[in-house]
Structure formats: C-alpha cells, structure tokens
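I opened my notebook for a friendly look around this model. Here is what I looked up, entry by entry.

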Amino acid sequence: MNLRLDSVLRDAVTAVQANALNPLYALPAAVRRRLAGAPIQIDGNTLDPDIQLLLRVDNLLPHTTKTDAATARTHFRNLCKLITGTPAELLRVTDLTVRGAVGQLGARLYIPRGDAGRGLLVYFHGGGWVVGDLGTHDALCRAIAADSGVRVLSVDYRLAPEAPAPTAAEDAIAAFTWAVDHAEDLGADPALVAVGGDSAGGNLAAVVAQQTVRRGLPQPALQVLLYPAVDLVARRPSRDLFSEGFILTEADIIWYRDLYTPDPTLRPDPIVSPLRAEDLTGLPPTYLTTAGFDPLRDEGVEYAEALTTAGNPLTHIRHNSLPHGHANLLTVPGATREAHTHLTNHLRATLH
C-alpha cells in the first residue's frame, strides 16, 4: 500500500512541476489525508493535513541551497508560480511608481470589481528582505483585493544585500506617506489608508506604523501584520520547535538576517526590530496573525502582547494548524482558505 501511495504522490509531483497543484487537491479529502501521512502534532497543535500533504510533495522536489541572492530570487519566483493558482479577476491592475527613500520605486495598484469603497492597503511582500517582488505576490494581492473589496497598492521596495537595512524600512515609510498624499488620485480616502505585509513585509508594515507616529507623519488607519518578523536579536522556543521542515527554516532566518543587517549593531534598533521599541503607545489598530508551525510564532505572539499592554487596539488571530508563508498558498483548501477569508472579511469591515 505504501508503494501505491508513493506512486500516486509522485504523479502529483509531476503535476506540481507542470505548474498545477489543482489535480492534487481535486483528490477526495480522505485520499489526501492518507497521502499526507500520520498527523504531525507539535506543542499542542496539529498541522493542517492539506498543508502536510504539500510539505510532503515539497520534500520530493529538488531544492536550491541559498548561496547567493540572485539564485534565491529565481527559485522563489519559480516556487510562487507553482503555489498561487489562477489569479483573481479584478476591475483593473496598473503598474506605477511611488516615492522611495531615494528616487522612485515600482508599485502595482489592484482595483477590485464592484463597489471598492474608499479604503487602500499599502502592501509589502515577504521574502526575508532579500527575495520577492511584485510578481511573487501578485496573486496574493489580487486575491486580497478581490475578496475584500479594498484597493491594494503593492510596493517593490529595494532588497538586500544590494540595499541593506534600513533601506527597505525607509523605502516603506516613504512609499506609505506617498500613498496617503496621493490617496485621492488612487481613488481612496486619505483617512482609510492601511499598511500591511507578510513576514519581512509584516516587519516593514510594523516599522511604518511605529515610525509614522514617532516622526509626525500621516499614520495608517490599520496595520496588517501576517506572521511578522519583529525581532532580529533574540531567539525564542518556536525557532527550535520548527527549525526544519515547515517552509521557513532556521538556516533561512539566519541567511536573510545576515544579508539584511550585515552590521549586527543595527539589529536592536526598532527600525529593523520593531518589538524592541521602548514606546509602543499610540499605534493604529492592528490585525496580527501568528501560525502554529512557524519559527517566528513566538516573537509574533510577544509583539501582540506588547501592543495590548501599550493600550493599542488589537485583533490577534492564531492560525494554530498552519506554517509560515501560508498566505501565498492560495491553491491549498481548508485552513489556508479560512485564514485568507478571515483576513479579507476584516479588511472589508474596517476599510470599506
């Protein structure tokens, strides 16, 4: 029977390599659970079986060791093509430029069909401040816009190692303030401009929320932090629990950190480690998610607690059955889709 299951699974791998996860998840749920294997339970949480199946498929695919940024970027682009599914249809998608810390940055505006309201989410992609671009998160931004009914502006901030910290943070601050300044041109209300991002992008969103307050700049109506990296200094238990096998590895974290902050003395600065800010008062309402099988889980939980202690309005959603990076896994059913729906419903209720 195990040989038969492996045969079916390898057929699914072929489908993945052909840019089609759909055949895998078109299988009956009972079959998918058998292919996934025995449930994985760690620290009181059980991994979502459809995610477990994806990870098992991933283990059968060739992997590229992170040796240089260019190779890692190519690998990440190719991976995103496999996992994001069919792009959502929108009213309009427009490439444009926005203000960066120095010069102009590429950006992409997503306008949903129907009543788009007057809200705008300025979004920063994940990828460890080293990989990722407008293309890798195109499907995610399309899905957020389509399902929330909120405009999304995705920003192509400069990446490390060519542009180490705090370049990405300063780009993010400049791009957000540009979006507020030009909100009417983008069809949005300046009072309804939010900031958000996933992973490293969540880090940048948190930095924007803090720094706009501290610098007296226009402030976000909401900050959306999806499993954010918020501390580049301390190591917490989740880093050990999920160091291997759950998309983001310990080796990845260190590699990204070292390229983004080659000067270790910068790492405690809130411009790169927002959890270490001495004053967290006066920040905008926050929608923060953590994932149960994420090495960054504990720092995200700690940031949520710090925001609440400082008196900030907070919605903290714990996706206990999911790993880091699940927002991009748009073709995976079950808990991943539920997490996406919860996010987009919150955006609709808050910004529409």
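**Entry 1: the cavity**

I am working with a predicted model, where local features need pLDDT of at least 70, side-chain atom pairs count only at pLDDT 80 or more, and totals for chains, interfaces and linings use all residues. Residues are numbered from 1 along each chain as its sequence is written, and side-chain values use heavy atoms, with hydrogens and water left out.

For my own reference, a cavity here is a set of points, on a 1 Å grid over the protein atoms alone, where a 1.4 Å probe fits but cannot get out, and lining residues have an atom within 4 Å of a point. A volume is the space filled by probe spheres set on the points.

How much space lies in the largest cavity? I noted about 100 Å³. Among the residues that line it I listed Leu140, Leu226, Tyr287, Thr289, His319, His326, His340 and Leu343. Strand 9 (286-293) and helix 12 (335-351) each supply at least two lining residues; the largest share, four residues, comes from helix 12. Helices (H or I, at least four residues) and strands (E, at least two) are DSSP runs, numbered from the N terminus.

I also sorted the lining by class: seven nonpolar, five polar and no charged residues. In this scheme Ala, Val, Leu, Ile, Met, Phe, Trp, Tyr, Cys and Pro count as nonpolar, Asp, Glu, Lys and Arg as charged, and the others, Gly among them, as polar.

**Entry 2: helix 6 and helix 12**

The axes of helix 6 (residues 138-148) and helix 12 come within 8 Å and cross at roughly 55 degrees. I take axes as lines fitted to C-alpha atoms, for helices over the stretch in contact, with angles from 0 to 180 degrees between N-to-C directions. Helix 6 and helix 12 are therefore oblique to each other (under 35 degrees is roughly parallel, over 145 roughly antiparallel, 65 to 115 roughly perpendicular, and the rest oblique).

In the contact (heavy atoms within 4.5 Å), Ala143, Ile144, Ala146, Asp147 and Ser148 of helix 6 meet residues of helix 12 including His340 and Leu343. By class I have five nonpolar, three polar and three charged residues there.

**Entry 3: two further pairs**

Helix 3 (residues 29-36) and helix 4 (residues 49-59) pack at about 50 degrees, with axes 8 Å apart. Helix 3 passes helix 4 in a left-handed crossing. Arg32, Arg33 and Arg34 of helix 3 are among the contact residues, as are Asp50 and Arg56 of helix 4. Which classes make up this contact of helix 3 with helix 4? I wrote down four nonpolar, one polar and five charged residues.

For helix 7 and helix 8 (residues 200-214), the axes come within 9 Å and cross at roughly 65 degrees. Ala168, Ala169, Ala172, Ile173 and Phe176 in helix 7 meet Leu204, Val207, Val208, Gln211 and Thr212 in helix 8. This contact has eight nonpolar, two polar and no charged residues.

**Entry 4: backbone notes**

I found a cis peptide bond joining Ala160 and Pro161, with omega about 5 degrees. Another joins Ala165 and Pro166, with omega about 5 degrees. Pro161 sits in the loop between strand 6 (151-156) and helix 7 (167-181), and Pro166 is also in the loop between strand 6 and helix 7.

Notes
A crossing is left-handed if the near helix is turned anticlockwise from the far one by less than a right angle, and right-handed if clockwise. On a 1 Å grid over the protein atoms alone, a cavity is a set of points where a 1.4 Å probe fits but cannot get out, and a pocket is an open set with protein on both sides within 12 Å along at least five of seven lines; lining residues have an atom within 4 Å of a point.
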